[in-house]
Amino acid sequence: MTDIPFLSLAIWVPIIGGLLVLATGSDRNAPLARMLALAVAIAGFAVTIPLYTGFDPGTSAMQFQELSSWVPRFNINYHLGVDGISVLFVLLNAFITIIVVVAGWQVIQDKVGQYMAAFLIMSGLMNGIFSALDGVLFYVFFEASLIPLYLIIGVWGGPNRVYAAIKFFLYTLFGSLLMLIALLYLFMESGGSFSILDWHQVPLAIQPQILVFLAFLIAFGVKVPMWPVHTWLPDAHVEAPTGGSVVLAAIALKLGAYGFLRFSLPIVPDAAQQLAPYVIALSLIAVIYIGFVALVQTDMKKLVAYSSIAHMGFVTLGFFMFNTLGIEGALIQMISHGFVSGAMFLCIGVLYDRMHSREIADYGGVVHRMPKFATFFMLFAMANAGLPGTSGFVGEFMVVLGAVEYNFWIAFAAATTIIVGAAYTLWMYKRVVFGKVTNPHVAELEDINGREFAFLLVLALCVLGMGLYPFPFAEVMHASVDELLRHVAVSKL
């Protein structure tokens with residue numbers, strides 16, 4: 001336990017701050033809403049820093065725990081804690097929230113207070129997901145986080161925003177209902193406990209394990225999203241405003257992957273090992289097939305959306321090979337993807353704000369008008385393609401090494417598909433940035449301003465810093481990953 005409730009602060013500072021921003025009211029108070037939102041986002045990030053500086057990487061135990069009774073009759077508790085698997089995502093979420101607030105500073109002119117408040121409230125709810133150690137608490141945060149993202153897509157999105165928002169909501173809600181059934185079953189089997197840590201010790205026969213695993217697989221697989229339940233993501237990305245796409249890619253997709261490590265692997269380890277080949281097969285399909293789908297896209301945002309599905313395929317591939325390199329590589333890939341995909345969507349947003357088009361064919365020769373932007377865009381494109389020295393390389397390389405340890409041919413398939421990732425990313429960059437200026441609207445483009453330069457620079461430093469020196473990230477998760485693998489290896493049967 002800790003005297004200062006840093007996790008509660010990480011959850012409730014952005015939520016309460018978001019409600020205050022919401023209270024600023026009409027767009028006449030937009031400058032106040034922006035300034036207050038930025039202050040709250042910075043404060044929300046500041047309270048997460050002690051979680052990293054005070055974290056003990058030498059233990060796999062939950063740290064910064066907070067425990068108080070919530071619904072005593074059903075043994076439901078307000079129980080929070082983080083380990084090496086979850087702590088980095090709390091920081092990533094709070095960091096991305098600042099970027100999103102700054103990115104939407106001038107772009108959003110309608111319902112500014114509501115827009116900023118939605119992101120702040122969602123930030124707090126997602127921190128709750130990453131730190132909840134009670135099943136009901138996790139489920140409440142998990143479901144509540146759908147609401148602000150649904151509103152962000154549905155209110156500030158593109159022409160088909162209502163369709164995309166409803167599709168996103170229905171897909172994720174269906175998966176969540178299956179998860180709820182699994183949680184209630186675990187509650188009964190554990191003797192009336194909703195503690196996730198208690199569930200890790202519940203002995204289940206293989207048949208119930210398989211059923212629980214399948215419920216979690218659908219619930220978290222939709223959120224990742226895994227093939228074939230991925231079709232909601234491209235629509236959501238294309239219709240979402242830039243900030244919505246950034247949070248969706250950088251944080252929301254991580255919720256499903258995190259669920260596999262917090263629920264599927266430790267609670268039903270025998271089923272996880274028995275069904276791992278099927279999950280690996282689905283992951284390889286995502287990496288290979290979705291990579292080729294990305295290659296034929298004409299819309300930049302849709303291309304990066306499919307790219308995200310392929311990159312998250314590497315994550316689930318790493319999880320289910322049950323070795324340290326695979327899981328740690330997948331976790332690093334998740335953090336890196338938060339930086340890189342967020343930066344890619346921001347770059348596309350910069351172009352869209354000027355041209356009001358995401359079609360690759362409408363561009364060409366951007367480098368002649370926007371050299372600073374082209375430099376940043378090139379770095380992020382290279383990171384998306386897995387260039388050594390960038391964060392995009394580290395996680396994928398570790399997952400491939402883990403795959404070699406598991407099965408050479410799986411490693412071979414995964415490694416060769418990285419070429420496809422480079423193909424669709426660099427081909428898009430070539431057609432947008434290089435060549436002659438053929439569109440008169442491109443000839444009128446102005447380079448990035450100080451605000452845009454600032455948030456792209458910060459993300460560039462993160463991508464390079466993590467690529468050149470990933471040790472601070474890997475060190476934090478090592479003990480928790482080792483304990484998870486030890487737990488999975490010891491059969492409960």
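This is a predicted model: local features need pLDDT of at least 70, side-chain atom pairs count only at pLDDT 80 or more; totals for chains, interfaces and linings use all residues.
Show the two side chains. Glu 483 and Arg 486 form a salt bridge, with 2.7 Å between the closest N and O atoms.

**Salt bridges across the chain**

How many salt bridges does a search of the whole structure find? Six. Select Asp 83 and Arg 262 next. Their side chains meet in a salt bridge at 2.9 Å, N to O. Asp 83 is in the loop between β2 (76-82) and α4 (87-103), while Arg 262 is in helix α12 (residues 242-267), so the pair ties together parts 179 residues apart in sequence. Both Asp 83 and Arg 262 are buried.

Move to Asp 235 and Lys 167. Here the salt bridge spans 2.8 Å, N to O. Asp 235 belongs to helix α11 (residues 232-239) and Lys 167 to helix α8 (residues 161-189); the pair links distant parts of the chain, 68 residues apart. Asp 235 is buried, as is Lys 167.

**A surface patch**

Now select Leu 464, Leu 468, Tyr 469 and Phe 471. They form a nonpolar patch on the surface, with about 440 Å² of accessible area together. Leu 464 lies in helix α21. Its relative accessible area is 34%, so Leu 464 is partly exposed.

**Helix α17**

Select residues 371-384. This is helix α17, with 14 residues; at 1.5 Å a residue it should span 20 Å, and its end C-alpha atoms are 20 Å apart, which agrees. Its buried residues include Phe 373, Phe 376, Phe 377 and Phe 380. What covers the buried residues of α17? Among the covering elements are α14 (300-319), α15 (324-355), α18 (391-406) and α21 (450-468). Step past the helix to Gly 386, which follows α17 and has a positive phi, near 85°.

Go back to Phe 380. Leaving aside neighbours within four places in sequence, Phe 380 contacts Val 340, Ala 343, Met 344, Cys 347, Leu 456, Leu 459, Ala 460 and Val 463. The largest nonpolar core has 189 residues, and Phe 380 is one of those with the most contacts inside it, along with Phe 138, Phe 319, Phe 320, Leu 331 and Val 432. End on α15, which gives the most to this core: 17 residues.

Terms used. Residues are numbered from 1 along each chain as its sequence is written. Side-chain values use heavy atoms; hydrogens and water are left out. Helices (H or I, at least four residues) and strands (E, at least two) are DSSP runs, numbered from the N terminus. The expected span of a helix is 1.5 Å times one less than its number of residues. Buried means under 20% relative accessible area, exposed over 50%, partly exposed in between (1.4 Å probe, protein chains only). Contact means heavy atoms within 4.5 Å. A nonpolar core is a set of buried Ala, Val, Leu, Ile, Met, Phe, Trp, Tyr and Cys residues joined through side-chain atoms within 4.5 Å. Patches are made of residues with over 30% relative accessible area and no salt bridge: like charges are joined within 9 Å, nonpolar side chains (Val, Leu, Ile, Met, Phe, Trp, Tyr) within 5 Å. Accessible areas come from the Shrake-Rupley method with a 1.4 Å probe; for residues, only the protein chains shown count as cover. A salt bridge is a side-chain nitrogen of Lys or Arg within 4 Å of a carboxyl oxygen of Asp or Glu.
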